[in-house]
Amino acid sequence: STGILASTTNDADDMWGLNGDDTKFDIGYGLYIEKQISPIIGLQLGYDMAEITGQNSTEYYEGEFSAISLTGTVNFSNFTMKRERNKFGFYGKLGGAINSFESQRYFVNRVTDNTGAVVNINRAQYADKTRLNLLGGLGLRYHVSSNFRIELESIGNWVLSEDFDGDALAV
């Protein structure tokens, strides 16, 4: 099967983009193809893109990322002995991805230029990297028909890099 997705891509500490004026509710999008190996196990190959923002008390970051992922899916609803087709299905995902991201970190403090306009201090740090990340989560499927389903899922995406928020000086 193939799918199109829309997602929020917020930092775990700032899920709704409310930590400051420099963050927002970030939206991502992507595509995937899926092969069901058995009624219980499947594989998904996906491509996702998004913009990201985050902020703490002294600095904020903004950037873009894209990822190519390979995940295994487990359909928990198919573990029952009954082989009836339910409209709802509960599933889990676990896998990895290659992330490519570009992030810029800024200080929250502003300065006034010669014309009196308030401007941001030049970017403090910058990162442009490709890294491996891990992802996993749970979801709920609703089968509208045998050819169409709607999914709601929550996926944790652990980027194995301190540079994701623009902190290019971290190792």
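Start on the surface. Select Phe 76, Phe 79, Phe 88, Phe 90, Leu 138, Leu 140, Tyr 142, Val 144, Phe 148 and Ile 150: together they form a nonpolar patch with about 950 Å² of accessible area. Keep in mind that the model on the screen is predicted.

β5, β8 (125-145) and β9 (148-159) are the elements that give two or more residues to the patch. Which element gives the most? β8 does, with four residues.

Stay on strand β8 and pick Leu 140, which lies in that strand. Why does Leu 140 count as partly exposed? Its relative accessibility is 39%, and the partly exposed class covers values between the 20% limit for buried and the 50% limit for exposed.

Which strand supplies the largest share?

What does Tyr 29 touch, apart from residues up to four places away in sequence? Its contacts are Leu 5, Ala 6, Ser 7, Tyr 47, Asp 48 and Met 49. Draw a distance from Tyr 29 to Leu 5: the C-alpha atoms are 5.5 Å apart, although the two residues are separated by 24 positions in sequence.

Zoom out to the whole chain. The protein has nine strands and zero helices, so from the N terminus on the elements read β-β-β-β-β-β-β-β-β. Among contacts with a separation of 6 or more, 59% join residues 24 or more positions apart. Of the 171 residues, 33% count as buried. The protein exposes about 10,900 Å², and carbon and sulfur atoms supply 59% of that area.

Finally, colour by confidence. The average pLDDT is 77, and 70% of the residues score at least 70. Which element has the highest mean pLDDT, and which the lowest? Strand β2 (residues 27-36) has the highest, at 89, and strand β7 (residues 118-120) the lowest, at 62.

Terms used: Residues are numbered from 1 along each chain as its sequence is written. This is a predicted model: local features need pLDDT of at least 70, side-chain atom pairs count only at pLDDT 80 or more; totals for chains, interfaces and linings use all residues. Side-chain values use heavy atoms; hydrogens and water are left out. pLDDT is the predictor's confidence in each residue, from 0 to 100. Buried means under 20% relative accessible area, exposed over 50%, partly exposed in between (1.4 Å probe, protein chains only). Contact means heavy atoms within 4.5 Å. Accessible areas come from the Shrake-Rupley method with a 1.4 Å probe; for residues, only the protein chains shown count as cover. Patches are made of residues with over 30% relative accessible area and no salt bridge: like charges are joined within 9 Å, nonpolar side chains (Val, Leu, Ile, Met, Phe, Trp, Tyr) within 5 Å. A salt bridge is a side-chain nitrogen of Lys or Arg within 4 Å of a carboxyl oxygen of Asp or Glu.
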